[in-house]
Structure formats: C-alpha cells, structure tokens
Amino acid sequence: MTDLTENLHSEHMVLNMGPSHPATHGTVEFLVTLDGETIVNMDVEIGYLHRGFEKQCENGTWSQAFPYTDRLNYNSAILNNVGYALAVEKMMDVKIPDRCKYIRVITSELARMTDHYTNIGAGALELGGFSAFLYFVEARELLWDLLEKVCGARLTSNYIRIGGVKNDLPPNFKEDVKSAFIKCRDLYNDVDKLLTKNRIFLDRMRDVGGITSDEAIAYGFTGPCLRACGVEYDVRKAHPYLIYDQIDFEIPTGTTGDNFDRYLVRMEELNQSMRIVEQCLDKMPKGPVNTDDPIVRLPAKDHVYTKMEALIDHFIVVTEGIKPPKGEVYFPVEGGNGEVGFYLVSDGSGKPVKCRVRPPCFAITQAMPRLCIGSLLADIIPTFDQINLIGGECDR
Amino acid sequence: MGIEKSLGDNIILTSLNDVVNWGRKYSFFLYPFITACCGMEFMSVAGPRYDIDRFGAALPRFSPRQADLMMVVGTISHKQAPILVKVYNQMTEPKWVMAYGVCTVSGGFYDNYATVQGIDTIIPVDVYIPGCPPRPEMVLDGLIKLQKKVQGEKFSDYPKGPSPVSKTGV
Amino acid sequence: MSSNIEKLKKKFGAAIIDSHSFRGDDTIIIKKYSVLDVCRFLKEENDLDFNFMMDLTVVDYLNQKGHNERFEVVYHFYSLNHNHRIRVKAPVSEKDCTIDSIVPLWIGANWFEREAYDMYGIKFNNHPDLRRILLYEEFEGYPLRKDYPITKRQPLIGPKN
C-alpha cells in the first residue's frame, strides 16, 4: 500500500474575504492564506469607509464638528458627542450644571445599550441564530423611541452642545424609561435563554479568538475586549467624569479573553447600564441644562428676541465661533468599544488646528491576525463579530 | 427571454409583460451593499417592527449572481468605488439599484477628497432615498415607488449592459 | 511641576526642549533622535510603568507662529498600575520627515504609524511594513497636510468631479 500523502501536490490558497461581505460588516477585507481550512497567514485591509473626519472638522468651527462625531461610532452616537463636548469644555475650563451632567450620563448609557444590543444581535445572526437578532432589534427600537423623544433622531442624535445639551428631557420621561426597561429585561431574558447555554453557540465561541492580557495591553486593547482578558480597566472608574463617581455600578470582567467571555461581558454591561440609568433618574436635580456663559453656549431664544445683550452674544457666537484658548487637551471617555479619546489642538481662532479621535476598534482590529492564525476559516466570523469593528470609527 | 422582441407589441405580449412585472416587483432579492450608519437603519427595516418582508423583499442574497435589487446602503468612498462597479456588473439582468441614504445620493455632507459625490456618477440608479439616515417609513415608500416603476417596464428595455463608466486617468 | 516630568528632566536633560501641564495634562517636548530612549525609559522604569501606548498622531503647524518645525509627532501613554498619563511630542521638520518607529516597544503602534505615514507623509525608520492604510496606493499626496485642498478628489473610477 503506497503512502497516501505521496505525490499529494498541495499548496496554500489565498482567499479574499472581500470588502463587500455580510460578515465583514461591509468595510474590511481579509486576505487569508489557507492550508485546507486552517489559516496560515492573514492580512487585514481597512480604509474602505474613510470619509475624512479630521479634515472636515478642521474645515469648520468647533460647534460644527458635532454631526461628524455622531457618525464615528454610529451605534452609540451620543457617547462620541459627549466625549468631544467634554474635551472642548476642558480646554475652555467651562463648568456645566448638574442637571446637564445627569442628562448626559442617562443618554450615554442608553446609547451604550443600543451598541451592545446591535453587536450581540448581529453576532448571533452571523452564527445562524436569527431569533436572537430579531429580539434585540426590537429592544433597540424601544431605546431608539426613547432617544427620539429626547432629541428627535433615532440614530444620529446631534444632541450634546458645548456647555450643555440641545434641550431638556421631555415630560414623563421617567415613566417611559421604566416601561421600556420592563420590555427590555424580558427580551434580555429571552436572548439569554437562547444563547448563553446553547451547545452550538458555546462550541463556536468558547476557546476561539483568545488572547492573553499582556498581549492585549501591548496591542492597545481597551473596553469589553480587554475586560474579557481579566484586566479591570474602565475609564468611568479610572478617570471618573460627569457624575460616575457618585453612582453605584460594577465593571464585569472575564477570565480567558476568548469570544464567549467578550459576549458575557457585554451582556452583563447591559444590566449595569440599566442600573445606572435608573439611579440617575431617581437622583436627578431640577435646574438649568445649559451653562449661562454667553460666549460658550447660545442664549435661549426668548432672551435673544427680548434682550439686547443676548442678541449681541448670539451674533458673536454664531458668526465667529467659539474661541477656546491656545493649547491642547486629551480627554478619554468610555465608549461602546473602549477608550474613545479626543485630542484637540487650538490656536485661539474659531477653527480647530487638530481634531483627533483615538479609535478603540482600530487598535483591536490590528490584532485580528494574532487572534485568527492557527484556527479555522469559520472562526473568523465569531471573532470578528465580538471585536465589534465599527467602520465609521476605525476608518473615520 | 429574447423572442418577444421580434413579435412586436400585441395584446398577448403586453398581458404577459404585466404578469411578469407583477411577479418581479413582489419578489425582490436584495443585495444589501452595506458600508456605514445607514446599515443600522437597514437592520431596523428588516426587523420585526418595520418589516420589509410584507413587500416581498425579505430575503437577502449575498451573491450578486442571485440578487436583483442592489441597495447601496451607506457612504461609498473612492477606495470602495471600483468594487461597487464590479459587483454591479456581476449582477444578472433584470436588476435595479436603490441609493439608500444621502451619502449615496449626493455624497452627503462629506464634500472632501475621500467620498464619491453620488453613486449615480458610477452606476445607474433607479430610486433615490434621502435622509441621514432615512427613517424606515421612507425606505418602504421608496420601495413602493420602485415597485410602481417596475410595473411600467417593457421587455424592450432589457438588456441594459454593464455600467458605462470607465477608469479615469485615460 | 509634575514628578514624572521631573524624573524625565533629570535623566534626559539635554533632549527635552520644553514641558507644560496645560489643564492638568503632563506634556514634554523632546528632540526626535531621543524618541526610542525616552519611550523605553517610560515603559521600563518602575515608577513610571507606561504600559499602554494609547495614541500616536501628527499635527501640522504650517503658518503657525512659535513652531520651528512644521510637524510634531504626538504620543499619548497611560499606565494601568499608577493610573497616570503623559503626552510626548517630537518636532519633525518638513525637509527630513523621518523619525524612529516605536514598534519594537509596543506592537500596537504598527497601524498608528502607518496611518501617520498615510495622512502626513512622515516616514518611520525600521517600521516592519510601512504602506498606506486608509487610502489606496494610487493616491498621490498626503491629505491631512494643511496645503492639501479638501475637495481635491483622485477617483479610481468614474468622472473627475
């Protein structure tokens, strides 16, 4: 009997999981070198959604950058808005009223929940679990209804302003949130029963795409992917901003750093976010929602129409733009994927010299070859889902 | 279907035309070419609340050979543009294109070095849906308008051929 | 003056051009030939222990007063154990747009340096794979430089609009 492997002419195949692919969220290209089904080498090509965020922001005033920041991590638009506003306020040394801080925390946590719903739902969809996707899309719709009541838009909110927010919360907001959360908790329990102890889901996600905590830190991981490795780093606890130091919440961490731990960390963060929102709604004080410094925030419209000083302030802010002092700041915020840092440089005029956002998923996607080499082709799908690459943030 | 061109316009062929168009408009197979934020609204449109399945357009087919309605969802950058044209040329006729979101209609507010200022500069578009992102009701309205357009088509409209754009720099 | 900046000044006196703490952010400006040494000291010294390389970017100061060199490469570091941050800036001139790569110290700096090359044209010495990342290879020029007009498009396919 001859040796079956003799004369077996085999060579590695290069497969292009191209930029238009349902599992690569449409904006990433993987050039995978395969030996059968095992991945031998991998190259990740990004940049298919580069829309020139920095150049556009340098072209307008400081306030005109808010719609562009919405579209960075478009699953949780308000988190980016808040980060940018806090960075500019740090540079200008502006104090915002307490009610504004509570509103920013409530809307940020609702946005974080929509990000996690989308990610877990899409992750389940790509492994074949269509029902979990439909349940979480409905849960996301309930939260988008709440955000629509607050600011008028479901997805790209453009709600935060430098020195405050666009408008106060609508009446009966607390009751709306309570009734929405009852339904959200039901849907969460349904998805938990469908996925967490599901044999097929466990087989595809357990021990796949794992990384040690030292390597994760060397790559620059932050957010749920780093917490799944066991490192307890969350910007809300390390550098508390707004009122996070007055609220009681926990940071879930994993142990092994594989895909299943990332999924569990996100599921638990949903519960923690609901806890934060409920505490904030109970504690929120009454009062103004905007700072009354006229060179920072536009005055209220009825004052503009009746008082001369308010009219002049409105004119100056609109025509010349807000003028932060010369200098530079870096402000980190906990986004849906990790640390979203805004690095702003000002030269004293109304236009930014530099408006840089530190994208968390850029650093994590860099590690994709490290996570996937040695495993099977089908393991790319759950790994890439749990990394939660958002094209708008990675490519800007 | 090729022989009907030589048979001319008569009552049998126009009735056949109506039936074929009725079948085509109520059974779109989507190719969602998703790139950006509009993709989140697309997930809502396909979700249980604003159900696109009611209009027959439920099943996405992620291969251009098997799809007939390409929904270009999200900003197209200049790096992505050759891929869009290649996928469009790979689709078999009859095919339609829906420009979903204002970035595909005209480039949106990204008037810079990286963004295609409207995909109708590179492929022919049938329905334009503005909005950033458009509400799901707008998308369903756009789909109904496309269905009306499909109902009015004739056999002599096809084949249309590949996209007439060529590489620049020549 | 922050204690971290004092330690750095004691060790690298000649290489440090300036330092400040605007709004509480520690910042030092160093000469570009000392980038690798300063970063290695920041990473390996026990009291400093900056194990996260958070961000790497470039600022173009064309037509701005007070800057001798046109570009400045900006690094942001964070220490998990001591919970402190620092910003390191290294001026790079337009004629000699090169600086040492810090990929040997933090492997996560790889893509950040590729992006700095893509957008500004800064070349990193000893980088394992320096090529464009966000734009396509046929693109000519470096778009985030201040003298690149914002609407100058270079389409691969379709009309030049």
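By class, how many nonpolar, polar and charged residues does the lining of the largest cavity have? The structure is a predicted model, in which local features need pLDDT of at least 70 and side-chain atom pairs count only at pLDDT 80 or more, while totals for chains, interfaces and linings use all residues. Residues are numbered from 1 along each chain as its sequence is written, chains are lettered from A in the order in which they are written, and side-chain values use heavy atoms, with hydrogens and water left out.

A search of the whole structure finds 10 cavities of 30 Å³ or more, a cavity being a set of points on a 1 Å grid over the protein atoms alone where a 1.4 Å probe fits but cannot get out. The largest cavity has a volume of about 90 Å³, where volume is the space filled by probe spheres set on the points, which are joined across faces, edges and corners. Of the 16 residues that line this cavity, the closest to its centre are B:Cys37, B:Cys38, B:Thr75, B:Cys103 and B:Cys132, lining residues being those with an atom within 4 Å of a point. The lining has 9 nonpolar, 5 polar and 2 charged residues, with Asp, Glu, Lys and Arg counted as charged, Ala, Val, Leu, Ile, Met, Phe, Trp, Tyr, Cys and Pro as nonpolar, and the others, Gly among them, as polar. Helix H5 (residues 102-106) of chain B gives the most to this lining, with 3 residues; helices (H or I, at least four residues) and strands (E, at least two) are DSSP runs numbered from the N terminus.

The largest pocket, by contrast an open set with protein on both sides within 12 Å along at least five of seven lines, has a volume of about 960 Å³. Of its 43 lining residues, A:Leu125, A:Phe133, B:Phe42, B:Met43 and B:Phe62 are the closest to the centre. Two or more residues each come from helices H4 (98-126) and H5 (130-151) of chain A, and from strand S1 (30-34) and helix H3 (38-45) of chain B. By class, the pocket lining has 27 nonpolar, 13 polar and 3 charged residues.

Turning to chain C, 49 residues of chain A are in contact (heavy atoms within 4.5 Å) with 45 residues of chain C. The two chains bury about 3,900 Å² between them, 56% of it on carbon and sulfur atoms, buried area being the accessible area (1.4 Å probe) lost on putting two parts together, summed over both. In chain A, A:Lys55, A:Glu328 and A:Gln366 lose the most area to chain C. Chain C itself has 3 helices and 7 strands.
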